[in-house]
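I opened this notebook to record what I looked up in one protein model. The entries run from the whole chain down to single residues.

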Amino acid sequence: MSAKAVSEAKGKQLLNDNLGDEASKNRFALVTEAVNWDRLTQEHPWLLTEKLVVKPDQLIKRRGKLGLIKAGADLEGVKEWLKNKLGKDFQIGQARGRLKNFIIEPFVAHEQNEEFYVCIHSHRYADSILFHHEGGIDIGDVDAKAVKLDVSVGSDPSSDDIKSKLLSKVPEAAKQKLTLFIAALYKVYKDLHFTYLEINPLVFTGGKIFILDLAAKIDQCAEYLCKAKWGDLEFPPPFGRDALPEEAYIADLDAKSGASLKLTILNRRGRIWTMVAGGGASVIYADTICDLGGASELANYGEYSGAPSEQQTYEYAKTLLTLMTEEVHPDGKILIIGGGIANFTNVAATFKGIVRALMEFQQLLKEGNVSIYVRRAGPNYQEGLRIMRELGNTLGVPIYVFGPETHMTAIVSMAMGKREIPSTPRPMNTTANFLLPTGGNSPSTSRRQSFNDTSKPNDKPAGQDVNVNQSEGSSQSNKPLFTNKTRCIIWGMQQRAVQGMLDFDYVCSRRDPSVVAMIYPFTGDHKQKFYWGHKEILIPVYKNMGDAMKNHPQADVLISFASLRSAYDSTLETMDYPQIRAIAIIAEGIPENLTRMLIKKAQEKSVTIIGPATVGGVKPGCFKIGNTGGMLDNILASKLYRPGSVAYVSRSGGMSNELNNIISLNTNGVFEGVAIGGDRYPGTTFMDHILRYQEEPDVKILVLLGEVGGTEEYSLITAIKEKRVTKPVIAWCIGTCAKMFTSEVQFGHAGACANAEAETAVAKNKALTEAGAYVPRSFDELGELVKQVYEKLLSDGTIVVQQEMPPPTVPMDYTWARELGLIRKPASFMTSICDERGQELLYAGIPITDIFKEDMGIGGVLSLLWFQRRLPKYATKFIEMCLMVTADHGPAVSGAHNTIVCARAGKDLVSCLASGLLTIGDRFGGALDAAAKQFDEAHTSKMIPMEFVNSMRKKGQLIMGIGHRVKSINNPDMRVVILKEYAKKNFPATPLLDYAIEVEKITTSKKPNLILNVDGFIGVAFVDLLNNCGCFTSEEAKELIEIGALNGLFVLGRSMGFIGHFLDQKRLKQGLYRHPWDDISYIMPETMGLMGENTDKI
């Protein structure tokens, strides 16, 4: 999500709709390769009568200089000019693309001195309006020529300022009109969340204003605010790179997901493909490939991050592999599956989706001679890497798998033959290692003992002889942002993040938890249970922010997990409470205008904002924000439980965790690290934190991870030159690959886009080097450079290594231990028919989408859920027929009667249905199982029908399924007739049905209504189906009859009828039923002489 360019036609349409009468309405017609000129002239009759201007509308700059504008022609002249342009390839610099979208407008005749230039663009603290009294294609260096009016955030330009500061050289006759126009244009600019709007030339002629050429960018994040005003808004790709359907598919997935999924195809025939987790990491991998000479072979740029599900990563990987395997490269292809150390994404879950896709493309990967290189870490990464290694044993293509022991981008140089591939990577601690006591406080066996332990922690953070709280008593301005006494409030129901913070607090030997309360407006006040070490504690949750602040005045930090839609309002509310000194905003996608308003108010209130679009920050031994630092195993591996000597600041949250790893591997650890956020306007800047670090005596080395876009890094360069920053600075700006692409690419972070040469990563790295900062040749060498600088300071005594002490141990949560496969527990329930845990519901292992695709119907669903088989079509059809014929048999039968009486008593649907179902038994509807058993036993024992009838008569038992109150041999039940015809026609064999028909002949010879009724027929026919469909053994078929499967057909079918009777009674508004007296025979005991001779004397 970021500022994105819109077409000129869309920009002009937006101005038409919102600018009012301050300028002439833009008239235009769009021409594509599929143009129908007759229809176009009917829709725009002025094309036939006016002089015209035609030009491509494909985000091409300086079209006039390129000869891509034809002015003053009639329609035939336009057509003739387009013959050599429309649908033709065109080279602009390194970009080559197809000219396929043109815009035709009326030609506005005017003089050169009637052309003006106006541009509005946004920056951190203001919007700048640039104006020049001489517009047109020969304007030249606008920044040097134009006058500028800065409009501070939240304000509007006055008419006097516009006239005096912008229009001083404009003819007097045009001033008033242009003043009103610029004021109105700025209002539209703000209201519609433009981030850039340039009109050149703007023409004032004949007392009217005309907008001739326009270029614009809009903040895509503001869609939820401006959808009604924008209408359907598309963001065309830059010239030279067509929008591919695969890119559109991933964009659609991204829009429907809370995760981030991005894909840009750079070179469809490229040899090197990447599948990288994390916005910052994705840029660094592209940088490294280009730095090592692979720019021409880099096929794509993209990322998946924000904890996508297994299904989402499967779809992403499948799309990428489809493109990658389209054609074979003579040297084979390389797939980089990379990423930093995740903060909260379950690595194994995402890898499972990737593995599924790789298995589907196994043959194509082998044919394409593909080699796969994997490097990843984070929650559950050990399981993820194990899955990948196992895949390597079966996939048939080489897979090289590495974890956090290997530098993040080392796999790139391995893949490109610049570095040897180690045969045995250095092992790292497993996720479970932190469970084992290593000399620190051991886990207690009781909760009470744990409480006593935590009430007497060490006065200093474990393993260090420094006082991290040494500035506690200093003034507010010098007070550290976070200490080991920091208390915070969490906005949002983020139990996992809160538990991670509490575990961090405990392992840092804090006296008390850092989280004192939570705010969640969607529930009432209550308490949530968490663990403090081995003890369970309760943290209050408030519906109202005011209550939380009032009850916890010691809290001075708020961590906001509010959504992008509510983050602005909740942050504004937070700043109304003076106790809050710092706010971390995690949400990504907050509109830039709203962020700038937050920054302005934060400065007024002296509040520090970290974010938006951040994971937060960490101060080892003191405090961590939300999910920063990942899981506890990574916190321990990176030694974040106690302070080191290196402080860093980064834009990328994912890369902040990678910096923790790099710094811990090469130095004594991190003192503090902050990810300011990837948006264009982070709440605080690099320098806000670097200057804090400069004043902190325990910080010896500063690390900056900047990126392409913006100019904030130059503030550091100035500070180094002015000696305001004197500590060693190690810096690297990511995005060096941007200049090697033939068309503009929007990287993962919204702010990662250079609008000028000085904003490129290459220019920044060069300037940092010249200023005296330590700058590696590539990110691949960052760790080695950090180590060199650290060892230099270690050797000269600037850094003194402290004694290392083990931290307290913290138990692993049961849920996570089970996820990792570290424990096992007998399940309370077992099921074998349905699984709802994955991305898609499964019935007996069949995805629900397949059930609909194959049109399995309700019979097919029952075959899966009841019988765990995919029965043949004739069988599932028979099941549906049975449900249809048993659905109802009128209101007089006992089940329907009970349902009706219950409904008329005002009971609910479920109660009425239960009332009817409870009547089902041997006497009503429950004869299916019994009939099946009786007939099957007789047939299996070789009894002839006559013997069976005689034996049942001797036993005094009824033959279940024989007999009907109304129907007879002369008045057959049509339900049985229909089912019998279907069974005889479609079943492979019907031996038991044939047997039952012979029994029916015997019983009806005695009494015509002793027919095979519908219960009996379904019972015997279903036994034939089970025995002869080829899907069951005889034992399985017998078991299904024994456990009542056949009666289930009647219960399910008749439930439909009972529900129908319930709805019918409600619809008819029938009152309480009372049975009439005349239908009841009252036989009292005294009337029967049952009370004896002395009845009257009682």
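**Conventions.** I worked on a predicted model, in which local features need pLDDT of at least 70 and side-chain atom pairs count only at pLDDT 80 or more, while totals for chains, interfaces and linings use all residues. I number residues from 1 along each chain as its sequence is written, and side-chain values use heavy atoms, with hydrogens and water left out.

**Overall form.** I listed 38 helices and 35 strands in the protein chain, taken as DSSP runs numbered from the N terminus (helices H or I, at least four residues; strands E, at least two). The C-alpha trace spans about 125 × 90 × 80 Å along its principal axes. Of the 1098 residues, 54% count as buried; buried means under 20% relative accessible area, exposed over 50%, and partly exposed in between, with a 1.4 Å probe and protein chains only. I then took contacts (heavy atoms within 4.5 Å). Among those between residues at least 6 apart in sequence, 73% join residues at least 24 apart.

**Nonpolar cores.** I defined a core as buried Ala, Val, Leu, Ile, Met, Phe, Trp, Tyr and Cys residues joined through side-chain atoms within 4.5 Å. The largest has 105 residues, and F623, I701 and F779 are among those with the most contacts inside it. A second, separate core of 61 residues includes V885, F924, A1021 and A1037. I noted that F779, leaving aside neighbours within four places in sequence, touches residues including H407, I662, L705 and W732.

**G783.** I located G783 in helix α25, residues 782–795. G783 counts as buried, at 8% relative accessibility.

**Cysteines.** How many disulfides does the rule give? I took a disulfide as a pair of cysteine sulfur atoms within 2.5 Å, and the count comes to 0. C902 is in no disulfide, and the nearest cysteine sulfur, that of C912, is 3.8 Å away. C902 counts as buried at 14% relative accessibility. C622 is buried, with a relative accessible area of 0%.
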